[in-house]
Amino acid sequence: MKRAFRYRFYPSDAQAAELTRTFGCVRLVYNMALAARTEAWTLRQERVTYATTSAMLTAWKKTEDLAFLNEVSSVPLQQTLRHLQAAFTNFWAKRAKYPTFKNKKKSRRSAEYTTSAFRYRDGYLTLAKMTEPLDIVWSRPLPQDATPSTVTVSQDPAGRWFVSLLCDDVIEQVSASGMVGVDAGLDSLLTLSTGEKITNPRYERRDRERLVRAQRNLARKQEGSHNRTKARLAVARVHARIVDRRRDHLHKLTTRLVRENQTIVIEDLTVRGMVANHRLARAISDAAWRQFRTMLKYKAHWYGRNLVVVDRWFPSSKLCSACGALAERVPLHVRTWTCRCGHTHDRDVNAARNLLAEGLSVTACGDGIRPQRAHARTGQPSTKQEPPGVTQGTPVL
Ligand SMILES: [Zn+2]
């Protein structure tokens, strides 16, 4: 099993300069190859392959204007052509939009090194074109005898440097008998069918207030000014802190859920997540939910658990989990309600219980079989089982 381990590191001035130059070359090569592929397709209806772009790169390096491409390691440049190839493969398979150009300010600054371009020995990682190893903060140990196959270096908008090492890892298999339904909310981040409420990470409210203030400050600064750059960095820093705390919080939570439960039922909120929403709280919750789901998906796969996703039209908050009656309307501000059968429900706990019951009706149909139970409103089965082993990219821990 391939697993990525991510650490922060502190480059020397020379290393930072080398990496910044490499990021620039990676971006340039990617954009030039994308332009060539687009032109070949729109003008001549030709499909350019990875091999062709690789030959182009060799030719570019021989020209006087682009000779500087020889100064950085050739591996990240080759890797970016492979990434472009993957982007086209996804586009042709209708999984993604047409690839777009990398933008100096907005695009992720990163470079990928394969085994020929780095040396990892005795806990020291040295990249091509560098003499000194990177000063890495080993916040958690690499698995014993791990040999990284790929190393990705990146810098986030707040200016922090990260290195991610892709290693083979063996996951210790633990059996579990629990079953749990998870409801996503705004007040508490998540509610479990056991009645447990999981709140937002500590200090997040205060960080959000800081973010709003920093953004307001940025909006007042003049375009292109030095103060604007400083204000932008301040926004990036607060944002990075929120994202980091979120990630830690969700890692702990998903690991726990997957270790304790054999079956986990969640609601499909992908569509809701795509609706443009400018409210900060909502945007952050949606991002957290997407991340939660992605983590849950790959961890469920690691540990051999069932992750069941219930259709978003399933009326999880309106059903009484005790008698099955459907309430007429349960507006969002109603936190508890009483059914005709006499049961009083906490809105979110009730929803999580309903999700669990609905999810279990699928697993009862047998593994891998699509459920026949259709929901009255859509005529569609209200649940689907996640195909095992589908992870989005490589999970970063
Ligand atoms: Zn009832």
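User: What share of the contacts in the protein chain between residues at least 6 apart in sequence join residues at least 24 apart?

Analyst: Among such contacts, 69% join residues at least 24 apart. Two residues are in contact if their C-beta atoms, placed from the backbone, lie within 7 Å. This is a predicted model: local features need pLDDT of at least 70, side-chain atom pairs count only at pLDDT 80 or more, and totals for chains, interfaces and linings use all residues. Residues are numbered from 1 along each chain as its sequence is written.

User: How many helices and strands does the protein chain have?

Analyst: Helices (H or I, at least four residues) and strands (E, at least two) are DSSP runs, numbered from the N terminus. The protein chain has 8 helices and 15 strands.

User: What percentage of the residues in the protein chain is buried?

Analyst: A residue is buried if 20 or more other C-beta atoms lie within 10 Å of its own, exposed if 12 or fewer, and partly exposed in between, with C-beta atoms placed from the backbone. Of the 397 residues in the protein chain, 28% are buried.

User: In what order do the strands of the open sheet lie?

Analyst: Strands of a sheet pair through backbone hydrogen bonds, either parallel or antiparallel. Two strands pair if DSSP finds at least two bridges between them. Here 5 strands form an open sheet in the order E2-E6-E7-E1-E5, and the pairing is antiparallel. Its edge strands are E2 and E5 (136-137), each of which pairs on one side only. Helix H1 (residues 13-44) packs on the sheet and touches E2 and E6, its direction making about 95 degrees with that of E2.

User: Over how many bridges do E2 and E6 pair?

Analyst: Strand E2 (residues 109-114) pairs with strand E6 (residues 150-155) over 6 bridges, in the antiparallel sense. Tyr113 has Val151 in E6 as its bridge partner. E6 also pairs with strand E7 (residues 161-168), again antiparallel, over 6 bridges, and the partner of Thr150 in E7 is Leu166. E6 and E7 form a hairpin with 5 residues between them, and Gly159 in the turn has a positive phi of about 90 degrees. Strand E1 (residues 2-9) pairs with E7 in the antiparallel sense over 8 bridges; Arg6 stands opposite Ser164 in E7.

User: Which residue takes a positive phi in the hairpin of E3 and E4?

Analyst: That residue is Asp122, with a positive phi near 50 degrees, in a hairpin that has 2 residues between the strands. Strand E3 (residues 118-121) and strand E4 (residues 124-127) pair in the antiparallel sense over 4 bridges. Tyr120 is bridged to Leu125 in E4.

User: Which residues of H3 are buried?

Analyst: An α-helix has 3.6 residues a turn, so residues three or four places apart point the same way. In H3, the buried residues are Val75, Pro76, Leu77, Gln79, Thr80, Leu81, Leu84 and Phe88. They are covered by elements including H1, helix H2 (50-62) and E2. Helix H3 (residues 74-92) has 19 residues and reaches 28 Å from its first C-alpha to its last, close to the 27 Å expected at 1.5 Å a residue (the expected span is 1.5 Å times one less than the number of residues). Just after H3, Lys94 takes a positive phi of about 60 degrees.

User: At what angle do H1 and H3 pack?

Analyst: Axes are lines fitted to C-alpha atoms, for helices over the stretch in contact, and angles run from 0 to 180 degrees between N-to-C directions. Angles under 35 degrees count as roughly parallel, over 145 as roughly antiparallel, 65 to 115 as roughly perpendicular and the rest as oblique. H1 and H3 pack at about 40 degrees, with their axes 9 Å apart, and H1 is therefore oblique to H3. Residues of H1 that meet H3 include Val26, Val29 and Ala33; on H3, they include Leu77 and Leu81.
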